[in-house]
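Me: I am new to this structure. Please take me through it in short questions and answers.

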Amino acid sequence: MNRYCFCLQVRTDRLDEYVDRHRDVWPEMQAALREAGWHNYSLFLRDDGLLIGYVESPDLDAAQRAMAATEVNARWQAEMTEFFQGTDGAAPDESFQLLPEIFHLSED
């Protein structure tokens with residue numbers, strides 16, 4: 001399993017609504033993520049809008065392609081796009097910046 005971290009910028013005038021939307025992510029969206037290979041997926045949001053995502057997957061590219069093929073992801077991304085700045089209107093799942101891992105403390 002590979003670990004991935006990414007960032008995006010949420011519009012500061014939409015932070016509360018963005019958080020509210022993630023309190024009740026659609027069950028079909030959660031199921032699609034699991035089926036596509038997204039594991040231990042978390043989002044962290046700083047008060048200036050910096051969003052950090054963490055996900056584990058055997059292959060993030062394959063997991064993203066699998067999600068892109070789902071109708072529920074198309075609906076979710078269409079609703080989420082308006083919350084982000086600096087994406088030039090692209091869907092958030094297509095415009096996040098992957099961050100390189102520079103250190104990991106293993107459980108061993």
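Me: Is glutamate 82 buried, partly exposed or exposed, and what is its relative accessible area?
Reply: This is a predicted model, and the value is computed from it. Buried would need under 20%, and exposed would need over 50%. Glutamate 82 is partly exposed, with a relative accessible area of 38%.

Me: Which residue forms a salt bridge with glutamate 82?
Reply: The closest N and O atoms of the pair are 2.7 Å apart. A salt bridge needs such atoms within 4 Å. The partner of glutamate 82 is arginine 14.

Me: How many residues apart in sequence are the parts that glutamate 82 and arginine 14 tie together?
Reply: Glutamate 82 sits in the loop between α4 and β4. Arginine 14 sits in the loop between β1 and α1. The pair therefore ties together parts whose separation in sequence is 68 residues.

Me: Does arginine 14 count as buried or exposed?
Reply: The cut-off for buried is under 20% relative accessible area. Arginine 14 has 15% relative accessibility, so arginine 14 counts as buried.

Me: Which residue forms a salt bridge with glutamate 28, and which helices hold the pair?
Reply: The closest N and O atoms are 3.5 Å apart, and the partner is arginine 75. The pair ties together parts that are 47 residues apart in sequence. Glutamate 28 is partly exposed at 38% relative accessibility, and arginine 75 is partly exposed at 34%. Arginine 75 lies in helix α4, and glutamate 28 lies in helix α2.

Me: Why do the buried residues of α2 line one face of the helix?
Reply: The buried residues in α2, residues 27-36, are Met29, Ala32, Leu33 and Ala36. Seen down the axis of α2, they line one face because they fall within an arc of 100 degrees. An α-helix has 3.6 residues a turn, so residues three or four places apart point the same way.

Me: What is included in the cover over the buried residues of α2?
Reply: The face turned away from the buried side carries the exposed residues Pro27, Arg34 and Glu35. After α2 comes glycine 37, with a positive phi near 105 degrees. The cover over the buried residues includes β2, α3 and α4.

Me: In what order do the elements of the protein run from the N terminus?
Reply: There are five helices and five strands. Starting at the N terminus, the order is β-α-α-β-β-α-α-β-α-β.

Me: What radius of gyration does the protein have?
Reply: The C-alpha trace spans about 40 × 30 × 25 Å along its principal axes. Buried residues make up 35% of the 108 residues. For a compact globule with 108 residues, the radius would be near 13 Å. The protein agrees with that, at 14 Å.

Technical notes:
Residues numbered from 1 in each chain as written. Predicted model: local features only at pLDDT ≥ 70, side-chain atom pairs only at ≥ 80, totals over all residues. Heavy atoms only, no water. Buried < 20%, exposed > 50% of the residue type's maximum accessible area, 1.4 Å probe, protein only. Helix = DSSP H or I, 4+ residues; strand = E, 2+ residues; numbered from the N terminus. Arc of directions from axis to C-beta. Contact = heavy atoms within 4.5 Å. Salt bridge = Lys/Arg side-chain N within 4 Å of Asp/Glu carboxyl O. Rg over C-alpha atoms; globule rule 2.2 N^0.38 Å.
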